Amino acid sequence: MSYAAVNGINLYYESYGEGEPLILAHGADGNALSWWQQVPVFARRYRVIVFDHRGFYRSPDLPDGPNRAAHCDDLRGLLDALGIER
């Protein structure tokens, strides 16, 4: 299990494969496990990164939010933490 310190929380993520990064972000009521069937296929060619948005499964939110309002900033923070420029 991997966590990155992002915007005041520990954001859960997993990374598979090598190559150009491919980020898979889940929808409502999902988490990183939503992509379990796609990851093995894409990881043959890409560095696949899946993560739990704040407030979902293994990524906590702060007691008073910001909840979904921070999802874009959290993704940007995760990319920075992983050294992914684009």
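1. In this note, a residue is called buried when its relative accessible area is under 20%, exposed when it is over 50%, and partly exposed in between, with a 1.4 Å probe and protein chains only. By that scale D29, at 79% relative accessibility, counts as exposed.

2. The model is a predicted one, in which local features need pLDDT of at least 70 and side-chain atom pairs count only at pLDDT 80 or more, while totals for chains, interfaces and linings use all residues. Residues are numbered from 1 along each chain as its sequence is written, and side-chain values use heavy atoms, with hydrogens and water left out.

3. E14 sits in strand β2, residues 9-16 (helices, H or I of at least four residues, and strands, E of at least two, are DSSP runs numbered from the N terminus). E14 is buried, at a relative accessible area of 15%. Leaving aside residues up to four places away in sequence, E14 touches V48, I49, V50 and R58, where contact means heavy atoms within 4.5 Å.

4. S2 belongs to strand β1, residues 2-6, and is partly exposed at 29% relative accessibility. With residues up to four places away in sequence not counted, S2 touches L11, Y12 and Y13.

5. Two loops deserve a look at the backbone. D29, in the loop between β3 (21-25) and α1 (39-42), has a positive phi near 65° although D29 is a residue other than glycine. In the loop between β4 (47-51) and α2 (71-81) lies P66, and the peptide bond from G65 to P66 is cis, with omega near 25°. N67, found in the loop between β4 and α2, has a positive phi of about 60° without being a glycine.
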